Amino acid sequence: MSVELSRLANGLTVISHARADVETVSLGIWVGAGSRSESLPEHGVAHFLEHMAFKGTARRSAQDIAEEIEAVGGELNAATGVDSTAYYARVLRQDLGLALDILSDIILTPRFDRTELARERDVILQEIASAQDSPEDMVFDLVQATAFPDQPAGRPILGTVNSVKSFKSAHLKTYLSTHYQAPNMVLAAAGAVDHEKLLAAAERLLGSLGTGTAPEPSPALYRGGVARSEKPFEQTHLVLAFEAPPYRHADYFAAQVCAGALGGGMSSRLFQEVREKRGLCYAIHAFASGLSDAGMFAIYAACGPDRAAELLRVVRDEFLRAADRGFSEEEVGRVKAQLKMGLLAGLESGGARAEQLARQILIHGRPLTTQELIDKVAGVTPSDAQRMAEQLLASPVSLATVGPIVHVARFDSLAAKFTLASSQAA
């Protein structure tokens, strides 16, 4: 297995990881711009643009795009994130050229047909409505807005009903021409790929991409706060979050280990205490996510409305115990084994590997070796994980709930204690 990297004259990075034991190739074009690169009037335009990419180009109708990729058994999709947007495909090795031709076509010459624009607007409005029917989607949007208020990093990626209704083709064209510049983009492929052939195809199909410098995204400034939606659902959905290291920070992997030890699997403290011993909820998990300049450590759970206060109390107790007494070698060892397993398993999926390579280029400017990542995980000690728990408690808390809460006064009192713990630790 080998990773090869090249750059076109226009600044586009081309990176591939060849495997001789597979017959399919996953490839995609990643753009270093997502929802946080939007101005307020553009809220949701990155996601809208991603949708419209499949709705026709100068050479293909929407139906042509679907039929051509599926005629060879291939798959085509896209996704919009806070920091990036991706357009990707999976095909047999002999169909790489077709897949890249389609991907290039939808990025370089989207048609933005008025009829298709109106139709896709309705689709996105339905997507927004669907999110409003999902308490889990709602609570994560709510905690993001609470952690990063009044800034692009805290806004829902989908946009709002009003913003989506306001978009015209000119909004999409402006965002496309501003951010889809070759130096801000990566073509990544993994699987049955020949790098020289990929590079030649990229020069032919993507050599006309602009060479400009995309603007820096708006800063992500963590603030914290408490937000609640009492929309009626059967359960109370809760996310408790703290400021965490960004993904370029030296403590990023310490945050990952801390999250795993607290709520990363069935052996984690929160799963054992909250679910196995007390039966408070079906599932609970913790995770640490990063942006280029900020991060968030979050714990999610859902429980009966009459048990929300008890759940919050148990989570607080476990967090304070971790900060006060730390983690054992055995706990940290289990988490590091889980993280190593995830890293190595990602190598077996062409799509996951292509995405990993693309994100590493966008984040670090170079591919990271698997051993380098494993060494970063292995270097985290129990004292590092404890120090991270202490730092998290010292940050402003972000608490979001969706659904009814029976013992509101008790719940609010516990939430206030989290804030008190933060100020005392600081």
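Trainee: Quick one to start: is Phe319 buried or exposed?
Mentor: Phe319 is buried, with a relative accessible area of 1%. Buried is under 20% relative accessible area, exposed is over 50% and partly exposed is in between, using a 1.4 Å probe and protein chains only. Keep in mind that this is a predicted model, where local features need pLDDT of at least 70, side-chain atom pairs count only at pLDDT 80 or more, and totals for chains, interfaces and linings use all residues. Residues are numbered from 1 along each chain as its sequence is written, and side-chain values use heavy atoms, with hydrogens and water left out.

Trainee: How many aromatic pairs does the structure hold?
Mentor: There are 8. Rings of Phe, Tyr and Trp (its six-membered ring) pair if their centres lie within 6.5 Å; planes under 30 degrees apart are stacked, over 60 edge-to-face, the rest tilted. One of the pairs is Phe48 with Phe167, edge-to-face at 5.9 Å centre to centre and 80° between the planes.

Trainee: And which pair has Phe319 in it?
Mentor: Phe319 pairs edge-to-face with Phe242, 5.0 Å centre to centre and 65° between the planes. Phe242 sits in strand β8 (residues 236–244) and Phe319 in helix α11 (residues 308–325), so the pair ties together parts 77 residues apart in sequence. Helices (H or I, at least four residues) and strands (E, at least two) are DSSP runs, numbered from the N terminus.

Trainee: New topic: how many residues of α9 are buried?
Mentor: 12 of the 12 are, so α9 is largely enclosed by the rest of the structure. Among them are Tyr252, Phe253 and Cys258.
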